[in-house]
Amino acid sequence: MILGFILACSVPTDVSSCRIIYYDKQEFYTQVACVNKMKDLAKYAADRLQVVTRPYCFSVNLPI
């Protein structure tokens, strides 16, 4: 499973202004699907919220 996150910063030079936003609306099973969705969400957040964003996708191995 792949988890999607966005790093959103209101001040690009101040790490204390950053927040990590976990995307929990959809599960991703491929890196490509995650990257495409998170890029779109990062652009949307940057435009609407006027923050600097960076999308991330992490592969997670869950125990069965």
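Guide: Cys34 and Cys57 are joined by a disulfide, with 2.1 Å between their sulfur atoms; a disulfide here is a pair of cysteine sulfur atoms within 2.5 Å. The link of Cys34 and Cys57 is left-handed, with -95° about the S-S bond. Because Cys34 belongs to helix 1 (residues 31–49) and Cys57 to strand 3 (residues 52–59), this pair ties together parts that are 23 residues apart in sequence. Helices (H or I, at least four residues) and strands (E, at least two) are DSSP runs, numbered from the N terminus. Cys34 is buried at a relative accessible area of 0%, and Cys57 is buried at 16%. Buried means under 20% relative accessible area, exposed over 50%, and partly exposed in between, with a 1.4 Å probe and protein chains only.

The model is predicted, so local features need pLDDT of at least 70 and side-chain atom pairs count only at pLDDT 80 or more, whereas totals for chains, interfaces and linings use all residues. Residues are numbered from 1 along each chain as its sequence is written, and side-chain values use heavy atoms, with hydrogens and water left out.

The structure holds two disulfides. Cys9 and Cys18 form a disulfide whose sulfur atoms are 1.9 Å apart, and the link of Cys9 and Cys18 is right-handed, with 105° about the S-S bond. Cys9 counts as buried at 8% relative accessibility, whereas Cys18 is partly exposed at 23%. With bonded cysteines counted along the chain, the disulfides follow the pattern 1-2, 3-4.
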